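Please take a moment with the sequence and the model before reading on. The paragraphs that follow go from the overall division of the chain to its sheet and then to its core.

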Amino acid sequence: MTSPIIKTNNLSLSIGKSRLLKDVSFSVGKGERVAIVGANGAGKTTLLKCLLGLLKPERGEMEIDGRGMPGYSRLELARKLAYVPQLLEASVPFTVLDFVMMGRYAHEGGMGQGDQEGLRIAMDALQQIGMESFARRTLSTLSGGERQKACIAAALAQQAPVLVLDEPSAHLDPRQREEIHHILCEIGRRQGVTVLAVTHDLNWAAMDYDRMLGMSDGRVVFDGTPAAFMTPENLRLVFGVDFSLHPHPVTGDPIVIPAARKESV
Ligand SMILES: Nc1ncnc2c1ncn2[C@@H]1O[C@H](COP(=O)(O)OP(=O)(O)OP(=O)(O)O)[C@@H](O)[C@H]1O
């Protein structure tokens, strides 16, 4: 691994009587693409919220780019981590360009209604994801996939070294899903941006990411390469159910397919 840009040590968090995170320790190297996978309620979003400073762990340490948290102001943190939420509300009354310009707030302050340089960076970000022709459209007129891409553009305009994404392809059809995964993979590869994404798309994660973190019941129960992760034992450990794995017809890498129902065997 390259030198870590994110590092946690024994993070624990409880809310009320629920223990949401239990001694979570992991690192993400600069330029790495890491997928966090796990069943619903495993603690994936909670972990992201801790990294983003939205939740405060009761125990443990976190470092972003070599500096401990807390200790970052909100703007300083936004210059390190750009966050793409699961799905942006359609009713936000802005044009796509206005919205992407807001991604510049960490650099320009206020609402990011910035100078020519800010405008150039926002247009560049839209171009990178093939959305420049949408610049003047109102966000509420976009499809779910287009809105998701606008969110990624806003995060790119933030020019942070790390993209943190919470299920970037949730709610998308297979074509849009493929496109979003491809864009993220290319951004990581071409620009050296570190990508940390929660996803339920196991096959894409195994194909596009360098490493997988498997979470179950608030713990990291697997941390390793996709090749090491994709075994029936690990899938059962993380998801508690049986999957079938078969070689991809072109690459030969294992891909997950649903196990056959008993009545159809
Ligand atoms: N504010 C809260 N108070 C109490 N419990 C909470 C709170 N926030 C989250 N939880 C619980 O913590 C657990 C982990 O939630 P989290 O959203 O991190 O799961 P997740 O792995 O992201 O799940 P999903 O895949 O469904 O998005 C869940 O059981 C959830 O109900």
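This is a predicted model: local features need pLDDT of at least 70, side-chain atom pairs count only at pLDDT 80 or more; totals for chains, interfaces and linings use all residues.

The domain assignment gives domain 1 as residues 4-80 + 161-264 and domain 2 as residues 88-159. Where the two domains touch, the contact takes eleven residues from domain 1 and nine residues from domain 2. On the side of domain 1 that touches domain 2, the helices α2 (74-78) and α7 (174-191) each supply at least two residues, and α7 gives the most, with four residues. The residues on that side of domain 1 divide into eight nonpolar, two polar and one charged.

The next feature to follow is a sheet. Six strands form an open sheet with mixed pairing, in the order β6-β7-β8-β3-β9-β10. Because β6 (81-84) and β10 (219-224) stand at the edges, each with a single partner strand, one side of each is left without a neighbour in the sheet. Neighbouring strands of this sheet are turned by 20° against each other on average, with direction ignored. In general, strands of a sheet pair through backbone hydrogen bonds, either parallel or antiparallel.

Helix α1 (residues 44-51) lies across β3 (33-38), β6, β7 (162-166), β8 (194-198) and β9, and runs at about 145° to β7. Helix α6 (residues 144-157) also packs on the sheet, where α6 touches β6 and β7, and its direction makes about 170° with that of β6.

In soluble globular proteins, nonpolar side chains tend to be buried together. Here the largest nonpolar core has 76 residues, and those with the most contacts inside this core are Val-100, Ala-153 and Val-164. The helix that gives the most to this core is α6, with eight residues. The core draws at least three residues from each of domain 1 and domain 2.

Which residues are in contact with Ala-153, leaving aside its neighbours within four places in sequence? They are Val-100, Ala-125, Leu-126, Ile-129 and Met-131. One of these, Val-100, is itself among the residues with the most contacts inside the core.

Note on methods:
Residues are numbered from 1 along each chain as its sequence is written. Two strands pair if DSSP finds at least two bridges between them. Axes are lines fitted to C-alpha atoms, for helices over the stretch in contact, and angles run from 0 to 180 degrees between N-to-C directions. Two residues are in contact if their C-beta atoms, placed from the backbone, lie within 7 Å. A nonpolar core is a set of buried Ala, Val, Leu, Ile, Met, Phe, Trp, Tyr and Cys residues joined through C-beta atoms within 7 Å. A residue is buried if 20 or more other C-beta atoms lie within 10 Å of its own, exposed if 12 or fewer, and partly exposed in between; C-beta atoms are placed from the backbone. Domain bounds come from an automatic or database domain assignment. Ala, Val, Leu, Ile, Met, Phe, Trp, Tyr, Cys and Pro count as nonpolar, Asp, Glu, Lys and Arg as charged, and the others, Gly among them, as polar.
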